[in-house]
Amino acid sequence: MKKTFNLVGKPVIRQDGYSKVTGKARFADDINYPDQLFGVMVRLPIAHARIKKIDFSEIENHPSVITICTAGDISGSNISGIIKQDQPVFCDQKIVTPGDVVAMLVGEDEELLRQLAGKVKYEIEPLPALTDPRKALDSDAVLIHPESKSNLIVHYPLRKGDIERGFSQSDHIVEQTYTTQLIEHGYIEPETVIAIPLAADRSVKIIGSIQNPFTARRIVAQALDLPLTRVRVEQAELGGSFGGKDDTMDILSARAAVAALKTGRPVKIRYRREESVLESYKRHPYILHYKVGFSREGKIKAMKIDILADGGAYASMSPFVTWRSVAQATGPYEVENVCTDVRAVYTNNPYTGAMRGFGSPQPIFAQESIMDEIANQLGKTPDEIRWINCLHSGSITATGQKLEKHDVNLIKVLDTAVQKTNFSRQWQACKDKNKSILPFIQKTHASQADKSLLLESEDLVAPDLLLRKGIGLALSYRGCSLGAEGIDAAAAYLSVQPDGSLYLVSGLAENGQGMRTTFSIIAAETLGLSVEDIHYLELDTGIVPDSGPTVASRSTLMGGGAVKIAAEIVRDRLQKFLCDFWKLNKQDVLCFEKNKVFSESDPQKTLRFSEVCQLAYRKGVCLAAIGWYPGPKVDWDESVGQGAAYFTYVYGCQVAEVTVNLGTGEVYVDRVVAVHDPGKVINLLGAQGQVYGGVTQGAGYGLWEEISSADGFIRELNFDQIFIPTSKDVGEIVPVFVEGDDQHGPWGAKSLGEPTLELTAAAIANAVRNAVGVRFFNLPLNLEEIVLKRKLKPGGLKRGSAV
Amino acid sequence: MDQDKKHSKISRRKFIKGIGGGVVGGAVLLHNLPVLSESAIEPAGAGLEQKYPLIFKVNAKTVRVLVESSATLADVLRDQLQLTGTKIVCNHGECGGCTVLLNGKAVYSCMMLALDAAGSEVTTIEGLLNGEEINPLQQAFIEKDGMQCGFCTPGQIMAAQALLSKNPHPSRAEVMTGMSGNLCRCAAYPKIVDSVLAAAETHLK
């Protein structure tokens with residue numbers, strides 16, 4: 001292992017900085033083709049119905065309508081889906097959620113097409129809308145996808161030890177139900193895609209705001225019945241994704257491609273915000289029931305967990321999202337006896353899929369809340385109760401996996417967070433203070449429940465007492481990359497030019513997280529160059545191997561690993577060439593540093609990297625390489641949920657300090673200290689950015705964000721109603737990195753993007769509990785939740801300034 | 001963004017809707033959904049909308065274009081003048097992604113009719129460049145890493161430009177408030193604020 005680094009771990013400015021601050025970065029809607037047409041969707045205003053007839057007669061002869069694409073135009077498979085094939089590109093049998101599309105009008109005047117879309121006539125047979133996931137598995141529930149014979153998308157059981165024995169050995173049992181809400185990714189750039197027909201060989205090129213170009217390629221090829229090579233997908237600069245520009249973009253790409261081949265002209269689809277929110281998938285709402293048995297010393301003996309996830313109208317990523325939940329639902333604790341069941345079901349609600357965190361923020365909110373409840377019940381502090389139970393090197397996880405061969409830094413991140421915030425003392429002080437206010441809160445919550453607002457005179461509280469301070473923490477472990485979800489390997493292509501500059505590209509995608517810069521640092525570090533020597537190419541499915549999706553915080557670990565391998569292949573070739581050239585022993589080690597190559601044993605033997613490349617090129621040395629990084633084997637027994645779920649893990653602890661205004665219900669996030677072990681930090685600037693972003697999004701999830709729907713229709717369609725955090729909403733965020741050794745990833749670098757988000761809502765919820773003495777069970781902890789302890793959801797009414 | 005700016009937006013939006021133009025695309029589409037089968041909605045002169053000459057200054061150059069009365073400034077900048085640095089994000093005056101300077105003051109270009117810019121001076125992100133050379137504020141955003149995906153960045157920089165021209169030496173709190181009208185879902189906020197403060201400092205030197 002290398003001890004000192006020239007670039008790794010230092011703050012390196014992002015390579016795309018110039019193009020982004022000048023407005024020159026090419027996002028999908030900034031790209032236009034001559035002769036380009038627009039595609040505009042036709043939807044029916046219903047959540048669940050059988051389609052009997054769609055009648056275009058009123059518009060099909062309109063001079064502005066060049067063509068209308070429907071399911072009949074799909075030469076391949078109209079049914080798409082990354083895991084389960086259940087989502088039509090164009091619906092022709094049923095509507096199962098209001099975002100569904102039955103047709104696409106294609107023409108030159110986008111605005112006019114939007115108006116004409118309203119003139120499509122239709123005959124439908126309305127079906128009852130199933131919107132409560134708790135009723136999805138009832139015997140009389142309407143079937144969303146009749147061919148599935150049940151509304152169950154997936155059920156994962158996990159059985160470890162003997163749950164009944166565990167409860168009988170427990171001194172105390174706590175049993176609680178938590179719920180989490182539907183939320184929108186809220187990527188700032190709405191969906192855009194352009195399909196360009198390439199007449200020469202009946203192939204199609206796609207350029208778009210696409211998170212996973214290889215997945216999009218597969219869905220397009222499948223819809224058009226073309227070989228994969230006839231569909232070339234290029235990623236435009238991506239304006240945020242957070243897991244959200246996958247399924248929706250794949251289907252949009254297919255629609256655009258169908259229209260492009262039908263008309264022989266480039267076709268662009270670009271969504272406005274409302275349409276984006278309406279059709280795109282979201283984060284799963286969960287209902288989580290936990291029953292936990294523990295000894296009087298605080299040792300957890302048994303956990304019985306029942307989780308129900310609302311998958312909405314399509315399966316999408318539900319089978320993988322809920323799989324992560326089942327693997328991690330106990331939290332980072334040693335529990336001998338575990339019985340977990342996670343189910344995802346179909347409803348007519350907006351469909352849910354991948355979103356940063358991916359099935360972990362929900363169980364973490366429940367499990368970390370319960371840990372604090374146990375601490376409170378036993379008169380211990382939250383850090384004490386976690387100390388007693390947390391995983392360490394050699395521990396066996398809930399899935400029966402032994403944690404080994406890497407630094408299990410759970411206790412280290414916990415201790416660091418506790419020390420940095422003086423946690424135990426602060427927590428105890430706030431707890432002691434909240435005793436005085438507790439009767440007031442309990443009374444208001446009780447009176448709210450029966451809708452009476454009358455308080456006795458002794459209930460009145462001085463206004464300044466209504467501002468309560470609290471501190472809370474949350475702890476997690478997270479399996480890196482895909483784990484037993486699927487095939488896990490990534491590629492990078494690196495090509496050194498005779499002047500020593502080089503091209504680099506990986507099969508993973510830049511989503512704005514700074515991946516290109518991170519990968520450039522890895523290549524530059526390996527070859528002793530500077531980041532400026534590296535030209536990162538635009539990702540195109542034609543130039544680099546399929547590397548799986550850019551998800552699961554796997555880019556640095558997998559793609560970074562592939563970049564390092566590619567750079568090492570070239571370095572080894574140059575080393576071999578130079579040993580011959582300088583007539584050195586094959587065992588001699590050459591140093592690649594500061595754009596020079598030199599022999600350690602003979603300092604006279606020094607050449608500039610560019611000179612080496614020139615010489616090697618002239619001697620016919622291949623200076624290009626593909627690095628391939630396959631993930632180690634993992635195994636999984638689906639019937640009992642046991643196995644080595646992930647090949648390695650990362651650890652994190654966040655502490656939130658809040659002020660709660662009991663009068664208004666507002667929770668102010670004063671400070672979040674986020675301690676993470678990402679393995680190794682590659683770019684300090686990028687790592688800090690991940691923490692700021694994850695914590696802020698996590699705070700939004702914990703406190704404000706919610707997409708509510710009535711009969712499947714979303715009420716909040718734009719940012720006037722979707723409250724994503726602004727620059728003023730979250731106080732100071734303090735990123736702290738604890739690095740740990742690992743045999744995997746470049747120099748042990750693993751994951752950071754998702755761990756930063758998954759903890760924040762739970763830490764805030766625990767801080768609120770500490771501030772006011774009351775546990776809140778339902779996210780988000782918005783004003784009404786704090787003041788009324790219930791959610792205000794006006795039936796069918798829009799909130800805010802409705803369009 | 002300041003309050004009076006938001007108020008003026010609301011009335012503009014109503015005005016745009018009032019004339020029945022298709023500019024509010026997404027919004028109109030959704031509004032139409034419940035009455036899809038009816039043919040009652042017949043926008044006046046759809047597709048044949050009268051165009052009017054607009055003369056204004058964009059990035060210090062005088063520009064003449066023919067625009068529809070319902071076209072927003074953002075549409076004209078992007079579609080007709082190919083100044084695609086200005087982004088349309090919410091098209092609703094909520095996120096600041098389309099912020100440009102109108103006579104030196106920050107405005108949401110998605111909420112302003114292009115014809116209302118007649119005779120005015122508009123500066124977009126492209127206007128901050130001097131040849132290939134970036135200005136100190138842009139430089140600060142690069143150095144302080146005040147971005148991730150970069151889609152909101154032009155709007156952030158234009159808002160910061162207006163903020164600094166009004167208040168060249170803002171406090172951290174003033175920057176946080178001044179920039180709160182510009183959403184960044186990547187939430188690079190602490191670094192955006194650092195960037196603005198660093199630019200103010202450069203200005204001091």
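**Entry 1: helix 5 of chain B**

I began with helix 5 of chain B, where B:T153, B:P154, B:G155, B:Q156, B:I157, B:M158, B:A159, B:A160, B:A162, B:L163 and B:L164 are buried. A reminder before going on: this is a predicted model. With 11 of its 14 residues buried, helix 5 of chain B is largely enclosed by the rest of the structure. I also checked its span: the helix covers residues 153-166 and reaches 20 Å from its first C-alpha to its last, close to the 20 Å expected at 1.5 Å a residue.

Next I stepped back to chain B as a whole. I found seven helices and five strands there. Along the sequence they come in the pattern α-α-β-β-α-β-β-β-α-α-α-α. Chain B has 205 residues, and 56% of them count as buried.

**Entry 2: cavities**

I then asked how many cavities of 30 Å³ or more a search of the whole structure finds. The search returned eight.

I took the largest cavity and noted a volume of about 730 Å³. Its lining runs to 43 residues, and the closest to the centre are A:Q513, A:S553, A:S555, A:Q690 and A:G753. Which helix gives the most to this lining? That is helix 16 of chain A, with four residues. Helix 13 (515-527), helix 14 (555-581) and helix 16 (684-703) of chain A each supply at least two residues of the lining. I sorted the lining of the largest cavity by class and got 16 nonpolar, 20 polar and seven charged residues.

The second largest cavity holds about 210 Å³ of space. I listed 19 lining residues for it, with A:D29, A:R270, A:Y271, A:R272 and B:I88 nearest its centre. Helix 3 of chain B, residues 73-80, gives the most to this lining, with three residues. By class, I have six nonpolar, two polar and 11 charged residues around the second largest cavity.

**Entry 3: helix 13 of chain A**

I asked how many of its residues are buried. The tally is 13 of 13. From first C-alpha to last, helix 13 of chain A reaches 18 Å, close to the 18 Å expected at 1.5 Å a residue. Just after the helix, I noted that A:G528 takes a positive phi of about 70°.

**Entry 4: a β-α-β unit in chain A**

I looked at strand 12 of chain A, helix 4 of chain A and strand 13 of chain A together, and they make a right-handed β-α-β unit. Are the two strands parallel or antiparallel? Strand 12 (residues 203-208) and strand 13 of chain A run parallel, joined by five bridges. One pairing I wrote down is A:G208, whose bridge partner in strand 13 is A:Q235. Strand 13 of chain A (residues 231-235) is mostly covered, with four of its five residues buried.

Most residues other than glycine have a negative phi, and most peptide bonds are trans. I went looking for exceptions.

A:D35 is not a glycine, yet has a positive phi of about 75°. I placed A:D35 in the loop between helix 1 (17-21) and strand 1 (37-42) of chain A.

A:W747, also a residue other than glycine, has a positive phi near 55°. A:W747 sits in the loop between strand 30 (730-739) and helix 17 (755-758) of chain A. Is A:W747 buried or exposed? Its relative accessible area is 8%, under the 20% cut-off, so A:W747 is buried.

For peptide bonds, I found that the one from A:L779 to A:P780 is cis, with omega near -5°. A:P780 belongs to the loop between helix 18 (760-772) and helix 19 (783-788) of chain A.

**Entry 5: A:P361**

At 1% relative accessibility, A:P361 counts as buried. I also checked A:P361 against A:A762: 401 residues separate them in sequence, while their C-alpha atoms are 7.9 Å apart in space.

Technical notes: Residues are numbered from 1 along each chain as its sequence is written. Chains are lettered from A and ligands numbered from 1 in the order in which they are written. This is a predicted model: local features need pLDDT of at least 70, side-chain atom pairs count only at pLDDT 80 or more; totals for chains, interfaces and linings use all residues. Side-chain values use heavy atoms; hydrogens and water are left out. On a 1 Å grid over the protein atoms alone, a cavity is a set of points where a 1.4 Å probe fits but cannot get out, and a pocket is an open set with protein on both sides within 12 Å along at least five of seven lines; lining residues have an atom within 4 Å of a point. Grid points are joined across faces, edges and corners, and a volume is the space filled by probe spheres set on the points. Ala, Val, Leu, Ile, Met, Phe, Trp, Tyr, Cys and Pro count as nonpolar, Asp, Glu, Lys and Arg as charged, and the others, Gly among them, as polar. Buried means under 20% relative accessible area, exposed over 50%, partly exposed in between (1.4 Å probe, protein chains only). Two strands pair if DSSP finds at least two bridges between them. A crossover is right-handed if, with the strands pointing away from the viewer, the path from the first strand over the helix to the second runs clockwise. The expected span of a helix is 1.5 Å times one less than its number of residues.
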